[in-house]
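This report goes through a few places in one protein chain. Keep the sequence and the structure in view while reading.

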Amino acid sequence: MGITETTSEPLIPVLRISQLDALELDSALEQLLWTQFSHCFQNFRPGLLTPLEPELKALLQLLLWRCTLYPDSSTVGQSLLNLRYHNTLSSSNSYKSLSQRQKLALVLLTVGPRWLHERSHNLRLCLGLTSGGPVSEGYQKVIRNSLSLISGVVHLANLVNFLVFLRKGHYPVLAERIIGVQAVFSRPNVTRDITYQYMNRELLWHGFAEFLIFLLPLINTQKLKATIYSVLFEGYRSSVDGAQDKQGAWQECTLCSEWPTMPHKVGCPHVFCYYCIKSHCIGNSCIACPKCGAEATQLDPVKIKVFGRH
């Protein structure tokens, strides 16, 4: 049996941002733990973990719960922010730790819905609720509509709970409200272990990463590379190209550096395989020659004069 901790320390309200930060830190830790676990199997057959991925993620979350929330009534994110869970079902105004039932219910309401969501398609197949299954179409429709209704009600309840949290500052997660647990300061007189300077830096880098994700697809990297290459090596390339023209530059594709298959030109002296240049044109309407930086104007086949013996 677990020991219920009770103290006479006053309960000080926790900032909303601190509660949300704790949830974000817990989510980041779970993602980091899964990444490290999957790296252990990176040299095995590709897709080895895919069939059991939902179960493995649930198992890692249970292991994390057993090492953090179960003995200390606080998650890793809460510990970093000087927080812990308080049992709001007790009538006392002082702190009271969670009971074993509350800890177990919290992990089940956290891990269970995620697993059910990821395994919903497989569960429908096992129960024969797909087209062509043993269950009649009418019964399948009723079950699908019921599941959709339940899912919609749960999402609506989560939204309403979050709006109430923004208004009152308690229970950011619906499971915490159902079980009756609330985040409080573990040591009210201790400052945050994670300072606001660290959080500002994290927000800055997060915003910069989102900006790069938005900007990079708009940049024509191939044209930019060709332009820089032509500016830096223009003199050297012109001399090399002159020598190659004499030896037959049409013997090498500019993109794949192999013997050109169905050689074509795009408005410059260099030669391309038809399939190489065509696939690049389909993927990018504004293509430039990687060697000289000339923009592709028109795709024309290369005409080679063959001199026969008289």
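Is glycine 180 buried or exposed? The model is a predicted one, and in it glycine 180 has a relative accessibility of 4%. Glycine 180 therefore counts as buried, since the cut-off is under 20%.

## Glycine 180 and its surroundings

Glycine 180 sits in the loop that runs between helix H8 (174–179) and strand S2 (181–185). Leaving out residues up to four places away in sequence, glycine 180 touches His86, Asn87, Thr88, Leu89 and Gln102.

One of these residues, glutamine 102, is 78 residues away from glycine 180 along the chain. The C-alpha atoms of glycine 180 and glutamine 102 are separated by 7.9 Å.

## Serine 74

Another loop, between helix H3 (69–72) and helix H4 (76–80), holds serine 74. The relative accessible area of serine 74 is 7%, so this residue is buried.

Which residue does the side chain of serine 74 meet in a polar contact? The partner is the side chain of serine 79, at 3.2 Å. When neighbours within four places in sequence are set aside, serine 74 is in contact with Thr68, Leu69, Ser79, Leu83 and Arg84.

## Helices H2 and H5

Helix H2 covers residues 53–67 and helix H5 covers residues 100–118. The two pack with their axes 10 Å apart, at an angle of about 165°. Because angles over 145 degrees count as roughly antiparallel, H2 is roughly antiparallel to H5. Their crossing is right-handed.

On the H2 side, the contact is made by Pro54, Glu55, Lys57, Ala58, Gln61, Leu62 and Trp65. On the H5 side, Lys103, Leu104, Val107, Val111, Arg114, Trp115 and Glu118 take part. Sorted by class, the residues of this contact are 8 nonpolar, 1 polar and 5 charged.

## Helices H1 and H2

Helix H2 also meets helix H1, which spans residues 16–39. The axes of H1 and H2 come within 10 Å and cross at roughly 120°. H1 and H2 are therefore oblique to each other. H1 passes H2 in a right-handed crossing.

Which residues form this contact? H1 supplies Leu29, Glu30, Leu33, Trp34 and Phe37, and these meet Glu53, Leu56, Lys57, Leu60, Gln61 and Leu64 of H2. The contact of H1 with H2 contains 7 nonpolar, 1 polar and 3 charged residues. Lys57 and Gln61 of H2 are listed in the contact with H1 and also in the contact with H5.

Technical notes
Residues numbered from 1 in each chain as written. Predicted model: local features only at pLDDT ≥ 70, side-chain atom pairs only at ≥ 80, totals over all residues. Heavy atoms only, no water. Helix = DSSP H or I, 4+ residues; strand = E, 2+ residues; numbered from the N terminus. Buried < 20%, exposed > 50% of the residue type's maximum accessible area, 1.4 Å probe, protein only. Polar contact = N/O pair within 3.5 Å; in protein donor to acceptor, adjacent residues only side chain to side chain. Contact = heavy atoms within 4.5 Å. Axes fitted to C-alpha atoms, helices over the stretch in contact; angles between N-to-C directions. Parallel < 35°, antiparallel > 145°, perpendicular 65-115°, else oblique. Left-handed = near helix turned anticlockwise from the far one by under 90°. Nonpolar A, V, L, I, M, F, W, Y, C, P; charged D, E, K, R; others polar.
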